[in-house]
Amino acid sequence: MKYIEQEQHNGLSKKLLWLLSTGAGFVVANLYYSQPLLGILAKEFNASQADVSIIPMITQLGYAAGLLLIVPLGDMFERRKLVLIDIVAMICSLSLLVLSTDIYMMFIASFFLGITSVIPQVFIPITVHLSEPKHTTKNVSTLVSVLLIGILLSRVFSGLVAEYLSWRAVYYIAICIQIVLFFLLYKMLPKIEPTFHGTYKQLMHSILHYGKSLRDLRISAIRGGLSFAVFSIFWTTLVFRLERPPFFAGSDIAGLLGLVGVVGAIGANLAGRFMHKTKPETVISAGILLMLLSWIIFGFADNFYWGLIVGIILLDLGSQIINVSNQSIIFSSNKHATSRINTVYMSTYFVGGSLGTYLGGIAWQSYEWSGVVVAGIIVITVCLLFHICMTSKKNKLNSNTITA
């Protein structure tokens, strides 16, 4: 097993940064198109709301599997080739989804779509590798911000297209977008030689090594997974809440509400800049408290659009502050292993998201919106207590080190 340290490239051009960022936004959108469509899909396939809520959960589990099995290959193989092959596989998965004739075929297609939509997590290590050290955090924050916009606009896009065309039209358009992205990346993405020389078994073993040896990585991964679970609980069940009184709204309104979460993209950039002035743990504490406040608002003002809007802004802002701060922590060292470190973090992140999706569906099925709110508050409280405990231990360890 051999590691190869490489010299930094002469910075990352703005044109390439924005291609990577917008590309990440368009690809990650694949994971979220289904959320505003759940009501339509339930009617299409004559399935219960609990059954169709499994679709985004399976997609996220597929994404977690792709993070574990595909993203680490970015350290082992030439990344440009890896990205282009993955896009072809993603187009095939989208085609299978469009051709689905029952909910079980949707489950299979959604899982493979999740596996193949991991390109944004290959783009992040590429951005880290090509950036000058002083611009790394800023560039990653830009990519994550645009990625978040992709998540939010995906709900707006799919909700509107499904309402006025059809749910299949959403995925036909997605296929066209991925084809265009393929040719742009083929032309503009430079070749980046691997930093790991060894077998796939050794590569996977090294992932376990980083997970076990890097304490900050473990803490960030668990904290990120819990926060994304809270995020997913809300977005999975929102469309069901809007179908009930006093709203009686469809997928288009569920999608449009995603627009107000764009404020969270601003938070991603602010977190990246503010971390230079304060401890990342302090920024993360603020993000968790914002998410907790959002659920309190969802509980008391869920019958009003203004309550949902304010809550969404706080939820998305807090979530992205936590995510960007976590990634800044884990990428601060070991630049030769960014793909594998990102694999540990994002696999845990999306496993948390899939569990949150499942929990949201069960809470809605059992107790409707009151159950969803209780579930959200419990999970974000667990995240807060975990963060406080781990931060306290870290401060104690640092204090003992200084004393020694």
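User: Which residues do ring pairs link into a cluster?

Analyst: Happy to walk through it, bearing in mind that this is a predicted model. A search of the whole structure finds 23 aromatic pairs. Ring pairs join one set of residues into a cluster, and its members are Y63, F228, F231, F234, W235, W295, F298, Y345, Y349, F350 and W369.

User: How many residues apart are Y63 and F350, and what kind of aromatic pair do they form?

Analyst: The ring centres of Y63 and F350 are 4.1 Å apart, with 55 degrees between the planes. Planes under 30 degrees apart count as stacked and those over 60 as edge-to-face, so 55 degrees falls in the remaining class. Y63 belongs to helix 4 and F350 to helix 17 (residues 338-403), so the pair links distant parts of the chain. The two residues are 287 residues apart, and their pair is tilted.

User: Is F228 buried or exposed?

Analyst: The cut-off for this call is a relative accessible area under 20%. F228 has a value of 2%, so F228 is buried.

User: Which residue has its charged end over the ring of W235?

Analyst: W235 is one of the members of the aromatic cluster. A charged end sits over its ring, 4.0 Å from the centre. That charged end belongs to R155.

User: How do the axes of helix 4 and helix 7 cross, and at what angle?

Analyst: Helix 4 covers residues 54-69 and helix 7 covers residues 103-116, and their axes come within 6 Å. Among the residues that meet are I58 and Y63 in helix 4, and M106 and F107 in helix 7. By class, this contact has 11 nonpolar, 5 polar and no charged residues. The crossing is right-handed, at roughly 30 degrees.

User: Which residues does S34 touch beyond those up to four places away in sequence?

Analyst: S34 sits in the loop between helix 1 and helix 2 (38-44). At 3% relative accessibility, this serine counts as buried. Leaving out residues up to four places away in sequence, S34 touches I55, P56 and Y171.

How values were computed
Residues are numbered from 1 along each chain as its sequence is written. This is a predicted model: local features need pLDDT of at least 70, side-chain atom pairs count only at pLDDT 80 or more; totals for chains, interfaces and linings use all residues. Side-chain values use heavy atoms; hydrogens and water are left out. Axes are lines fitted to C-alpha atoms, for helices over the stretch in contact, and angles run from 0 to 180 degrees between N-to-C directions. Helices (H or I, at least four residues) and strands (E, at least two) are DSSP runs, numbered from the N terminus. A crossing is left-handed if the near helix is turned anticlockwise from the far one by less than a right angle, and right-handed if clockwise. Contact means heavy atoms within 4.5 Å. Ala, Val, Leu, Ile, Met, Phe, Trp, Tyr, Cys and Pro count as nonpolar, Asp, Glu, Lys and Arg as charged, and the others, Gly among them, as polar. Buried means under 20% relative accessible area, exposed over 50%, partly exposed in between (1.4 Å probe, protein chains only). Rings of Phe, Tyr and Trp (its six-membered ring) pair if their centres lie within 6.5 Å; planes under 30 degrees apart count as stacked, over 60 as edge-to-face and the rest as tilted. A charge sits over a ring if NZ of Lys or CZ of Arg is within 6 Å of the ring centre and within 35 degrees of the ring normal.
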